[in-house]
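Good morning, everyone. Please have the sequence and the model open while I talk.

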Amino acid sequence: MRDKRKKIILICSDGGHLAQILELRDMFLNYNYLIVTEKSPATIPLKEKYNIKYLKGRSKGQKRNLSFIFSLLVNTFLSLKILMQHYPKVIITTGSHTAIPMCFLGKLVGAKIIWILSYARINSRAFSADIIYPIANKFIVQWPGVQKFYKKAIYLGGIY
């Protein structure tokens with residue numbers, strides 16, 4: 001039987017960004033959801049509990065060098081494949097570099113983009129958020145002080 005619930009993708013890097021996505025569990029379980037994150041020893045067990053797909057992770061501590069660019073290219077192709085398989089109406093992300101290709105590709109096919117700035121961003125900008133900010137349909141911040149950097153941001157308080 002076909003699932004008639006609205007399709008959404010929740011995408012983020014692993015670690016704290018993923019912890020924030022999982023805090024949205026009560027919401028996303030009401031949809032035909034797909035979580036997309038980096039493959040790592042910490043994220044592999046989540047496959048038993050959630051509908052999840054993996055992108056290429058980057059080594060911890062790795063800077064934005066040639067290897068980072070390679071991972072970004074690989075993840076762009078993986079994101080396209082995932083996007084065509086799930087074809088969401090909405091893409092929700094708590095960010096980082098992992099979400100950038102999916103957000104741009106999703107925007108091209110008409111998906112709404114909801115960016116939730118990381119809880120760790122109390123009073124500073126985020127590079128990946130700066131890239132997606134112009135195309136985001138909703139840009140949500142978890143601290144009021146960050147609104148000075150993102151004028152169209154909506155402050156809703158913390159996810160936690």
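Predicted model: local features only at pLDDT ≥ 70, side-chain atom pairs only at ≥ 80, totals over all residues.

Which order do the strands have? The order is β3-β2-β1-β4-β5-β6-β7, in an open sheet of seven strands with parallel pairing. At the edges stand β3, residues 52-55, and β7, residues 154-155. Each of these has a single partner strand, so one side of each is left without a neighbour in the sheet.

Now the cores. How many residues does the largest nonpolar core have? The count is 28, and the residues with the most contacts inside this core are I9, I91, L117, F139 and Y150. Several elements supply at least two residues each, including β1 (7-12), β2 (32-38), α3 (66-86), β5 (112-116) and β6 (138-141). The largest share, four residues, comes from α4. Another core lies apart from this one; that other core has 20 residues, among them L24, F28, I92 and I140.

Look at F139 for a moment. Leaving out residues up to four places away in sequence, F139 touches W115, L117, A129, Y133, Y150, K152, A153 and I154.

Next, the helix α4, which spans residues 100-108. Which of its residues are buried? They are I100, P101, M102, C103, L105 and G106. These buried residues of α4 pack against strands β1, β2, β4 and β5, and also against helices α3 and α5. An α-helix has 3.6 residues a turn, so residues three or four places apart point the same way.

After α4 comes G110, with a positive phi near 95 degrees. V109 sits in the loop between α4 and β5. Is V109 buried or partly exposed? V109 counts as partly exposed, because its relative accessibility is 32%. V109 also belongs to a nonpolar patch on the surface, together with L80, M84, Y87 and L108. The accessible area of that patch is about 490 Å² in total.

Back to the sheet, and to K138, which lies in strand β6. K138 has 43% relative accessibility, so K138 counts as partly exposed. Strands β5 and β6 run parallel and are joined by three bridges. Which residue in β6 is the bridge partner of I114? The partner is K138. Beyond its neighbours within four places in sequence, K138 is in contact with I113, I114, W115 and I154. K138 and I92 are 46 residues apart in sequence, and their C-alpha atoms are 9.4 Å apart in space.

Last, the charged pairs. Side chains of opposite charge can pair when their charged atoms come close. How many salt bridges does a search of the whole structure find? The search finds two. In one, the side chains of D3 and R5 meet at 2.6 Å, N to O. D3 is partly exposed, because its relative accessible area is 30%. R5 is also partly exposed, at 38%. In the other salt bridge, the side chains of D130 and R125 meet at 3.2 Å, N to O. D130 has a relative accessible area of 28%, so D130 counts as partly exposed. R125 is partly exposed as well, with a relative accessible area of 38%.

That is the end of my part.

Note on methods
Residues numbered from 1 in each chain as written. Heavy atoms only, no water. Core = buried A, V, L, I, M, F, W, Y, C linked by side-chain atoms within 4.5 Å. Buried < 20%, exposed > 50% of the residue type's maximum accessible area, 1.4 Å probe, protein only. Contact = heavy atoms within 4.5 Å. Salt bridge = Lys/Arg side-chain N within 4 Å of Asp/Glu carboxyl O. Patch = residues over 30% accessible without salt bridge, like charges linked within 9 Å, V, L, I, M, F, W, Y side chains within 5 Å. Areas by Shrake-Rupley, 256 points an atom, 1.4 Å probe, with all protein chains shown as cover. Pairing = 2+ DSSP bridges.
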